[in-house]
Amino acid sequence: MKTGPAIAGCEDGGRPPLAKRLWWPLQLRMALSSQLRMKTIQITGTLIFAVFTAALSSFQFGYDIGVINAPQEIIISHYRHVLGIPLDDRKATNNYAVNSTEALPTVTYPANLVPAGEEAMASAGLITMLWSLSVSSFAVGGMIASFFGGWLGDKLGRIKALMVANILSLAGALLMGFSKLGPSHILIIAGRSISGLYCGLISGLVPMYIGEIAPTTLRGALGTFHQLAIVTGILISQIVGLEFILGNHDLWHILLGLSAVRALLQFLLLFFCPESPRYLYITLEEEAKAKQSLKRLRGSDDVTKDINEMKKEKEEASSEQKVSIIQLFTDSSYRQPIIVSLMLHAAQQFSGINGIFYYSTSIFQTAGISKPVYATIGVGAINLVFTVFSVLLVEKAGRRSLFLIGMSGMFFCTIFMSLGLVLLDKFAWMSYVSMTAIFLFVSFFEIGPGPIPWFMVAEFFSQGPRPTALALAAFSNWFCNFLVALCFQYIADFCGPYVFFLFAGVVLAFIVFTFFKVPETKGKSFEEIAAEFRKKSGSAPRPKAAVEMEFLGATETA
């Protein structure tokens, strides 16, 4: 068999023995090198720029989650002064006057006026309610807008939709930035609500845009930038919220309004980002513009493979009808997957993670930590590190396994967290037990319950029901987020140091549910996942076209 061109001077026109031994390994190395270059060339400057620009929205999402935490006591103090409610602690009043460089924005009251009895309880209840609304109004906006992200993206295009969403971000930031000059409680609650609307829109738009512009081989890796940018935003908000930076009586309103700078920056950068080729080809049916966008993103004139992939996807999408919310619950083939989807997102929120993100400073303060804000920053840093760690794990281990491992770890952490808070009066070192438990709690959350529900819901459904299922799951996530944000302070006040025993019971219930009801989805087609659900529910198989999860980047190689 001829192995290559003949070498002069060799008998029968063949190759020397050494050359024969090296020829095929050399060809293999050249082929592998060529494939690596082909994969590398897909990471172009335009692609990196577009992903970075889109991820600025995710960064804002995280910033809005964490920014309200550090200046909690300062904002509550300001609410009291604006409403004319004297502080229970006269020393706190003096501190406000000393630390602030401007006059108190309220009507003065007699120095000996101290709330007592029912009046004091009513005042405390009002402040608690206003603070809870300041935190939870963000989730209300997100809950409402979560249904409209996909619709806005299809109506205007991904780029224009992000531009329009930034108008909401700018408006919310300005309301909060000027809150010190007016009725701060009203302006902050309104600003947080509008910022929530923005985050509700982009929580669907950003993953959609990144997934549509990324090459198939990089879709999973680039898709994690959404979550990575969120936790980065949380960490940055905690750092700039330090008292010597912006988290003080003079600059807290700038801390809340700082996101206006990001909104303006992203609005300008979006002008230079290419539109989603999938939107252009599948939704608008403009193949020429789709090719032009792909050429910019891939850095190559040959985009035939991407066009063929989108063509196949368009054919698959047209073969499946859209599914309504009611059909998800009435159709037996969708009912169990959607119930499991909603339960996974409920587990994520009711695990207590956002109680820690929203109120970690006060939790650390209760635990006896002298500098609670630095401990809160530590939580954000660990959150970031383990988010990166989860990116490596999620493609190697099963989704269900990671979810169970994460929830089990969180269960034991809530137990130790509660024990630390309960026994703090007897043993001072228990503060370190609580702090360590919180750090480990966040670590276990990012290993499984943080990213996994979003992966699994997309993998439970094929092209037809997937958009509706994802919208409903997002609504469920935001609604549970709202309940935790609104009720956690009241529950904490009622339960005291025992509050996390309650979360331990909830987490245990979700562990049992996951063990018996949630199937593994890693590397399986939609038909295989549907068969797993049928096996668990005992229902008869239903004929359905098997659509592989290649578009989601979930296929695995042996």
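A disulfide is, in general terms, a covalent bond between the sulfur atoms of two cysteines.

Because the model is predicted, local features need pLDDT of at least 70 and side-chain atom pairs count only at pLDDT 80 or more, whereas totals for chains, interfaces and linings use all residues. Residues are numbered from 1 along each chain as its sequence is written, and side-chain values use heavy atoms, with hydrogens and water left out.

The secondary structure of the chain comprises 25 helices and 0 strands, where helices (H or I, at least four residues) and strands (E, at least two) are DSSP runs numbered from the N terminus. Of the 558 residues in the chain, 51% are buried. With contact meaning heavy atoms within 4.5 Å, residues 24 or more positions apart account for 78% of those contacts in the chain that have a separation of 6 or more.

Two packed helices are described by the angle between their axes and the distance between the axes. The axes used here are lines fitted to C-alpha atoms, for helices over the stretch in contact, and the angles run from 0 to 180 degrees between N-to-C directions. Angles under 35 degrees count as roughly parallel, over 145 as roughly antiparallel, 65 to 115 as roughly perpendicular and the rest as oblique. Helix α20 (residues 399-422) packs against helix α21 (residues 430-447) at an angle of about 165°, the axes being 8 Å apart, and α20 is therefore roughly antiparallel to α21. This crossing is left-handed, a term that applies if the near helix is turned anticlockwise from the far one by less than a right angle, with right-handed used if clockwise. Among the residues of α20 that meet α21 are Gly406, Gly409, Cys413 and Met417, and those on the α21 side include Val433, Ala437, Phe441 and Phe444. The residues of this contact divide into 17 nonpolar, 5 polar and no charged, where Ala, Val, Leu, Ile, Met, Phe, Trp, Tyr, Cys and Pro count as nonpolar, Asp, Glu, Lys and Arg as charged, and the others, Gly among them, as polar.

Helix α6 (residues 149-156) and helix α7 (residues 158-177) have axes that come within 7 Å and cross at roughly 120°, and the two helices are therefore oblique to each other. The contact is formed by Leu152, Gly153, Asp154 and Leu156 of α6 together with Arg158, Lys160, Ala161 and Val164 of α7; by class, it has 4 nonpolar, 1 polar and 3 charged residues. The crossing of α6 past α7 is right-handed.

Several single residues complete the description. Ser341, located in helix α17 (residues 332-350), counts as buried because its relative accessibility is 0%, and, not counting residues up to four places away in sequence, Ser341 touches Val457, Phe460 and Phe461. Glu285 lies in the loop between α13 (277-283) and α14 (287-298) and is exposed, with a relative accessible area of 57%. Phi of Glu285 is near 60°, a positive value in a residue other than glycine.

Conventions:
Buried < 20%, exposed > 50% of the residue type's maximum accessible area, 1.4 Å probe, protein only.
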